[in-house]
Amino acid sequence: MDLEKNNALLTKKLAREKAARKAAEKLLEAKSLEVYNANLALQESLNTVQTKLDQDSMLLAYKAKMDSQLLHFSQLFLKQSPTNTLLEEFIDKLTDHDIISGMHINIKLQNKDTIFFQHTYMTGRTQTWTLPNELTSNNSYWDQHNNLFWVSLSGLDNCYFAAKIDPSVTITYQSWLNPIQKHLSLFGELLTSVFIRHITLIEEVNARKQAEESEKATQSFLAMINHELRTPLNGLLGSAELLADTSLADNQRKLLTTLNSSGELLRNIINDLLDYSKMNANMFELIEGVFNVQEVADLLLTIFNHSAEDKGLKFIIHRSESIPLHLMGDVDRLKQICVNLIGNAIKFTEKGSVKVEFDWREEQLIFAVTDTGTGIQACDIDKLFQPFSQIDLSSKKAHEGTGLGLSICKKLSQLMGGDIHVRSQFGQGSTFSVQLPLVTASKEAQADHQKSSTNTSLKGMKILVVEDVKTNQMIINLMLKKLQLTPQFADNGLEALEQLKFNNFDIILMDCRMPVMDGFTATETLRHQGYNKPIIALTAGTTSTEREQCLQAGMDDILFKPYKLEDIQDTLCHWSQTQ
């Protein structure tokens, strides 16, 4: 009994253990399956992350490459202008065949009928490039059907490029598309700035070329008008000067005075117009030399004393003893300022006086003209120094003039390092004062000046005058006869060269503009042949360009038309001492 009971208990225990073991085995199998599935899911996640990392690394590498190319070509285009070769290199570098399989660029820069730059280029795999209509109103366009990204250069017609993006990018690497398009747009902005800068540079070059051509035309015009106006004026004033030394009846003397006054007025008008034009064309030149202020003051007294007396005006010129005896400066331009200011003072003063003062303060020459004339209203003072401007512009104005005198005085003062000022009270008079920083002439310069001023004997001097205008030949012949000189004449440079083969001359007076052979060519030929005697230019041209042309040709000095007997005498005396 007991044995059976024990067996039964053991059997039940074995059955429970067996059931428990089966349950444990089922649980273990389920857990193993869960672990397996978890491992599969983890592996898939790892594969996905790795793929993403690989893609991101590839995208970062692509971005780095594009950034490097962008920097490289930005620096390259800064150093040099765009060329076909450089543009093709740029497109080739962007085409890597894996992401961008092909590119097409079209550039056409033009202004009206002028084409500045034109080039079309394709690279990579063969593609069909058809410009989409959508690009006309946008800076970029994504043609999804053909995987083409188009970029137009902003503000430049007929300028664009397109990139073929490999289909694998849109399928496998969809996230790459936006960064790639942004980079291509950046390259479009780079090309836009490059070609806009290129157009600007071309326009600046063209503008500079036009300005140079305009300046050259202005210089040619000034040279021509100088010659055409001064040449007949030389005959007019020269004839009047020679007539003054002849026996004339009273009515003839009055006519001569009128002729002289009109001629001098015409000379001043021509000088004002030409000087103003030369200043604006940067052709004006100051010619410094030694001068004596007392001599300038004496000359001004001679010029204006008669006109002041005619109007019943008291005319006074005072020179301070503090002024150095000899100064360095452009005395002709100083005289021009003085003549303009004194002439205006006498013109606008009906009664009272015109007082002129020369003073020396703080290493500056002070020149002041005070009158008791009409004066100027405060609101009109600013107009005084404007070109072609006068206070009274009505047709009934009492005083004529170009309106350039004061403008030129101001420009001349500033060119000489100084300035001009005015004080005026309407109805009571005005004071115009000029201050010019000048230096005292050295002892050597003073000695040279005194030597050139010495009256030198010209007797026996042999002179050849090369001049094509018969009137000017007559005038200079009569002037030289007053100096007891008999010149020989040549009508042009070629005749002069022939005469010099058989005759010796001490000095040649050479006109610059002549038919057959001009004075410049003749002088250059003589200097090339070893001729070393003085050659003095006779020219109506007064610009710095023409003066330089004379000196470069080999001329030693210049006599500007219209010249006076005194000018010729001083020049001949100076160059006779050098031989």
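Because the model is predicted, local features need pLDDT of at least 70 and side-chain atom pairs count only at pLDDT 80 or more, while totals for chains, interfaces and linings use all residues. Residues are numbered from 1 along each chain as its sequence is written, and side-chain values use heavy atoms, with hydrogens and water left out.

The protein chain has 14 helices and 18 strands; helices (H or I, at least four residues) and strands (E, at least two) are DSSP runs, numbered from the N terminus. Of its 579 residues, 42% are buried. Here, buried means under 20% relative accessible area and exposed over 50%, with partly exposed in between (1.4 Å probe, protein chains only). About 32,500 Å² of the protein chain is accessible surface, and carbon and sulfur atoms hold 52% of that area; accessible areas come from the Shrake-Rupley method with a 1.4 Å probe, and for residues only the protein chains shown count as cover. Among contacts (heavy atoms within 4.5 Å) with a separation of 6 or more, 67% join residues 24 or more positions apart.

We can turn next to the interior. In soluble globular proteins, nonpolar side chains tend to be buried together. A nonpolar core is taken as a set of buried Ala, Val, Leu, Ile, Met, Phe, Trp, Tyr and Cys residues joined through side-chain atoms within 4.5 Å. The largest such core contains 45 residues, and Leu341, Ile342, Phe358 and Leu365 have the most contacts inside it. At least two core residues come from each of α5 (250-280), α6 (293-310), α7 (331-347), β9 (353-361), β10 (364-371), α8 (405-415), β11 (419-425) and β12 (429-437). Helix α7 provides the largest share, 8 residues. Beyond its neighbours within four places in sequence, Leu365 is in contact with residues including Val293, Leu334, Phe358, Trp360 and Val434. Another core, of 40 residues, lies apart from this one and has Ile100, Ala163, Trp176 and Leu190 among its members.

The structure also holds 9 aromatic pairs. Rings of Phe, Tyr and Trp (its six-membered ring) pair if their centres lie within 6.5 Å; planes under 30 degrees apart count as stacked, over 60 as edge-to-face and the rest as tilted. Trp129 and Trp150 make an edge-to-face pair, with 6.4 Å from centre to centre and 85 degrees between the planes. Trp129 sits in the loop between β2 (114-124) and β3 (140-143), and Trp150 lies in strand β4 (residues 148-152), 21 residues apart. Trp129 counts as buried at 15% relative accessibility, as does Trp150 at 1%. Trp150 also forms a tilted pair with Tyr160, at 5.9 Å centre to centre and 50 degrees between the planes. Since Trp150 is in strand β4 and Tyr160 in strand β5 (residues 160-165), this pair ties together parts 10 residues apart in sequence. Elsewhere, ring pairs link Phe73, Phe77, Phe90 and Phe187 into a cluster.

Charged side chains contribute 8 salt bridges, each defined as a side-chain nitrogen of Lys or Arg within 4 Å of a carboxyl oxygen of Asp or Glu. Glu467 and Lys561 meet in one of them, at 3.0 Å from N to O. Glu467 is in the loop between β14 (463-466) and α10 (470-482), and Lys561 in the loop between β18 and α14 (565-576), 94 residues apart.

Asp556 is in the loop between α13 (544-553) and β18, and Arg527 is in helix α12 (residues 519-528), so the pair ties together parts 29 residues apart in sequence. Asp556 is partly exposed at 31% relative accessibility, and Arg527 is partly exposed at 23%. Asp419 and Lys410 also form a salt bridge, their closest N and O atoms being 3.2 Å apart.
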